[in-house]
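Welcome! Please open the structure in your viewer and get ready to select side chains as we go.

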Amino acid sequence: MSKVLVTGGAGFIGSNLVDKLVAAGDQVTVVDDLSMGLITNLSKNRQVSFYQKSITNHDFMKKLLLQENFDYIYLLAAVASVADSIARPYETHQINQEANIYILEVIRKYHLRIKKLLFSSSAAIYGSNPELPKNENSTVDPLTPYAIDKFSTERFVIDFGKLYGIPTVAVRFFNVYGPRQNPKSPYSGVLSLISQAILHHSAFTLFGSGEQTRDFVFIEDVVQALLLLTKKSDLKYEVFNVGSGKHVSLLQVIKVYEKISGFKLKTNIRDERQGDIKHSYADITKLLAVGYKPKYSISSGLKLYWESLQN
Ligand code: NAD
Ligand code: UD1
């Protein structure tokens with residue numbers, strides 16, 4: 001049994017991770033302000049303690065870290081939308097970077113002995129670098145407040161770890177999709193918005209030509225990667241792409257989804273979004289080398305996602 005902290009644990013990726021940690025017998029603490037997460041994403045279970053707090057609340061975070069002495073820490077809390085960070089750059093910076101640095105500082109200052117801390121960075125940091133697929137040594141070109149915060153925090157986590165002997169890793173998620181991705185904001189992940197439009201027979205707004213490509217990776221594969229890089233290996237001070245290693249255009253993905261759901265999506269076309277990345281596609285060689293075995297294609301993942309929405 002390990003003691004685990006998951007910030008953002010009521011959110012999409014976080015709550016799916018929490019389920020697996022609980023199944024493994026861990027004692028899990030979730031800190032989430034429920035700005036995007038849902039309490040109903042967490043099972044009512046004595047192994048899960050939930051705090052509806054912001055990670056920017058220093059007093060609370062310090063007290064929690066000192067009191068609990070966690071074995072593993074997953075830093076997943078963030079304002080996950082690129083477009084939202086363009087609308088609210090200073091506010092999102094406090095969450096996406098500053099609050100995470102404070103957590104590292106408490107660990108350093110009080111010599112907390114954690115087994116591993118994982119930070120969730122993003123493929124957004126590669127920006128408009130035309131090299132495809134993107135590998136971990138590709139040039140980064142963070143174009144938005146979101147990407148700048150993700151890249152700088154990733155460096156902080158890795159180099160702070162090296163300097164002060166704190167075992168850390170960072171992951172660069174590509175476009176994760178699946179059950180519990182919350183479509184409540186216009187800035188939500190595109191496949192949650194497409195699902196919503198198909199379910200309610202409403203219109204989907206397509207920004208740009210639809211020829212932009214993304215590496216969509218199913219949530220189950222992502223959770224597998226998170227566990228592999230924390231509890232199942234001694235790796236530290238490394239950064240890993242987490243994707244499917246395949247890419248598809250939005251138009252292609254819509255076609256696949258229409259076939260699976262049996263519905264035709266109504267689409268309104270608008271100008272492409274400011275700061276939007278044209279092509280994103282992961283080289284996952286480094287992750288495969290440590291034992292990652294992705295199990296889902298875009299059609300098998302979308303099928304499971306669609307089935308989960310029927311229930
Ligand atoms: P999500 O929005 O479902 O999860 C983030 C969680 O953080 C939410 O539950 C939200 O309520 C919480 N949160 C936001 N601000 C907070 C604050 N100040 N204090 C406490 N909690 C706060 O998004 P997700 O897709 O699950 O993303 C998880 C992490 O992975 C994020 O760091 C995101 O940037 C990163 N990421 C996601 C993707 C993706 O495709 N989903 C890709 C790359 C990186
Ligand atoms: C997503 C994640 C981000 C992550 C990045 C990594 C979310 C909300 N964003 O950003 O956290 O770091 O992947 O690759 O999870 N689109 C539309 N109509 C819509 C919404 C989106 O056409 O209503 C288009 C966008 O313009 C974009 C594509 O769909 O071209 C994907 O958008 P989005 O799901 O917001 O993801 P990213 O910006 O790639």
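Which side chain meets Arg-180 in a salt bridge? Select Asp-19: the two side chains meet there, 2.9 Å from N to O. A salt bridge here is a side-chain nitrogen of Lys or Arg within 4 Å of a carboxyl oxygen of Asp or Glu. Side chains of opposite charge can pair when their charged atoms come close.

Before moving on, a word on the model: it is predicted, so local features need pLDDT of at least 70 and side-chain atom pairs count only at pLDDT 80 or more, while totals for chains, interfaces and linings use all residues. Residues are numbered from 1 along each chain as written, chains are lettered from A and ligands numbered from 1 in written order, and side-chain values use heavy atoms, leaving out hydrogens and water.

Next, select Lys-20, which forms a salt bridge with Glu-220, with the closest N and O atoms 3.3 Å apart. Lys-20 is in helix α1 and Glu-220 in helix α7 (residues 219-230), 200 residues apart. Helices (H or I, at least four residues) and strands (E, at least two) are DSSP runs, numbered from the N terminus.

Now go to Asp-276 and Arg-214, whose side chains meet at 3.1 Å, N to O. Is Arg-214 buried or exposed? Arg-214 counts as buried at 12% relative accessibility, whereas Asp-276, at 28%, is partly exposed. Buried means under 20% relative accessible area, exposed over 50%, and partly exposed in between (1.4 Å probe, protein chains only).

Finally, select Asp-84, Arg-88 and Glu-91, linked in a network of salt bridges. The whole structure holds 15 salt bridges.
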